[in-house]
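User: I would like to learn how to read a structure, feature by feature. Can we take it in short steps?

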Amino acid sequence: MPPRAVPTVALILSALTAALAVWIVVPPPQTLIWLLAVVVGEYSLWVGLVGLIGAGLGGWAWLAGRPGWLAALAVGLGLVTVGLSLWPWWTARAPAGAVGADLSLSTYLFGQRLPDVQVETRTYTISAGQPLSLDLYRTGSSGLKPAVIVVHGGSWTGGNRSDFPSWDRWWAGSVGAVVLDIDYTLTPGDWRRPVEDVKAAIRWARQHRDELGIDPTRIVLLGRSAGGHLALEAAYEAAESGDRTAQVAAVAAIYPPVDLLWGYANPANPHVHDGSSALRRYLGGPPDQAHEAYVAASPLSHLGPHTPPTLLVHGLMDPLVSPHHTVELTAALQARGLPHQTVYLPTGQHGFDYHRDGFAGQVVQAGLRKLIEATGQSD
């Protein structure tokens, strides 16, 4: 590279990475910026490394007497990028301590090596005349194992099973669980149908416990976004009604909507995602036409003395599902003295957990492992 070009190259690197890193702390204004913010936030150290290179080149150019303002600006913007890139790690330290996670740089950079996991697809129920499938993840280990039933997100209208396959492999390979990642009936339609599908998956796991080596007292539901809502709704309804065939030992929900009336009136950011429209499709209309459905479909309406232990995880930068949902459910669980743990991730966007081994992902892993271990201790 010609020495004369160094300040310009340095400024390009620093300015570009600073423009990316700003979305770690600034709420995204629209959908494409949100998707960019998820990637930048979860791979922030790589962005910071490029910013550091820009700052280093700018510093070298300044010492070599190259155009001063270009070099100085490159150094300044590069250092801003580095500072922003460290913010997700810095803010993850407190929630990591709460769940007993040791944040690992090597895991962040290179990921975890997991044992081989067997994957197969089964049909688990017929719903509204249509067969529904699940992907089964397990290792060849013997003995009784916990089961994790995974419910995907997608605003109740989209998404597919195994949309986060690396997490399913982690559950099976690292925790030793039998994982059932399910499809369910999508809307439009009766809002109760997908909740009943989740319950059907729980019953299927119980019916096949001998074949799969499942401990029926250690079945856990895990859902993300709309899937988090369905997991909570199914778990809480089964506990409330006393339906032992569909009860679970615990439930975990990542950035779930839980107060659907409030959520309709207060969408997190309609320019990123039209949450009110999604609720109308799911529940058959706005609250003035389907008020009872909005109330009945809210997990908050089904808390009781037998509500299972609950893990809630929410990013405070979430532009799709407001963290208020998790705040409200946490307060309700706390007021009733029900077992729960809530983890807030200060820089977490909606979808932060797509990077399984990122710093936020490591926090979630520790929380989920702790939840599974607690089911074993409560037997």
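User: Which residues lie nearest the centre of the largest pocket?

Analyst: A note before we start: this is a predicted model. The general idea comes next. Rolling a probe the size of a water molecule over the atoms shows where empty space is left. Here, Ser155, Ser225, Leu320, Val321 and His350 lie nearest the centre of the largest pocket. Its lining has 31 residues in total. The volume of the largest pocket is about 520 Å³.

User: How do the residues of that lining divide by class?

Analyst: The lining of the largest pocket has 16 nonpolar, 13 polar and two charged residues. Among the elements that supply at least two lining residues each are H2, helix H10 (260-265) and helix H11 (275-283).

User: How many cavities of 30 Å³ or more does a search of the whole structure find?

Analyst: The search finds one. The volume of this largest cavity is about 110 Å³. Its lining counts 13 residues, and Glu42, Pro88, Thr347, Phe359 and Ala360 lie nearest the centre. Helix H2 (31-42), helix H4 (68-99) and helix H14 (359-377) are the elements that give two or more residues to this lining. H4 gives the largest share, three residues. By class, the cavity lining has seven nonpolar, five polar and one charged residues.

User: Now strands. Which residues of S6 point one way, and which the other way?

Analyst: The general idea first. In a regular strand the side chains alternate between the two faces of the sheet. In S6, Ala250, Ala252 and Ile254 point one way. Val251 and Ala253 point the other way. All of these are buried. Strand S6 (residues 250-254) is thus mostly covered, with five of its five residues buried.

User: In which sense do strand S5 and S6 pair, parallel or antiparallel?

Analyst: Strand S5 (residues 214-224) pairs with S6 in the parallel sense, over five bridges.

User: Is serine 127 buried or exposed?

Analyst: The cut-off for buried is under 20% relative accessible area. Serine 127 counts as buried because its relative accessibility is 2%. This serine lies in strand S1 (residues 118-127). Its side chain makes a polar contact with the side chain of aspartate 197, at 2.7 Å. Beyond four places in sequence, serine 127 touches Leu132, Thr185, Arg193 and Asp197.

User: Where is glycine 158, and what is it in contact with?

Analyst: Glycine 158 sits in the loop between strand S3 (145-151) and helix H6 (165-175). With a relative accessible area of 18%, glycine 158 is buried. Leaving aside neighbours within four places in sequence, its contacts are His152, Gly153 and Leu186.

User: What about backbone angles? Which loop holds serine 162?

Analyst: Serine 162 is in the loop between S3 and H6. Its phi is positive, about 60°, although serine 162 is not a glycine. Serine 162 counts as buried at 15% relative accessibility. Tyrosine 255 also has a positive phi, near 40°, in a residue other than glycine. Tyrosine 255 lies in the loop between S6 and H10. At 3% relative accessibility, tyrosine 255 counts as buried.

User: Is the peptide bond from threonine 187 to proline 188 cis or trans?

Analyst: The bond is cis, with omega near 10°. Proline 188 lies in the loop between strand S4 (178-182) and helix H7 (192-207).

Notes: Residues numbered from 1 in each chain as written. Predicted model: local features only at pLDDT ≥ 70, side-chain atom pairs only at ≥ 80, totals over all residues. Heavy atoms only, no water. Helix = DSSP H or I, 4+ residues; strand = E, 2+ residues; numbered from the N terminus. Buried < 20%, exposed > 50% of the residue type's maximum accessible area, 1.4 Å probe, protein only. Polar contact = N/O pair within 3.5 Å; in protein donor to acceptor, adjacent residues only side chain to side chain. Contact = heavy atoms within 4.5 Å. 1 Å grid on protein atoms, 1.4 Å probe; cavity = no way out; pocket = protein on both sides within 12 Å on 5 of 7 lines; lining within 4 Å. Points joined across faces, edges and corners; volume = space filled by probe spheres on them. Nonpolar A, V, L, I, M, F, W, Y, C, P; charged D, E, K, R; others polar. Pairing = 2+ DSSP bridges.
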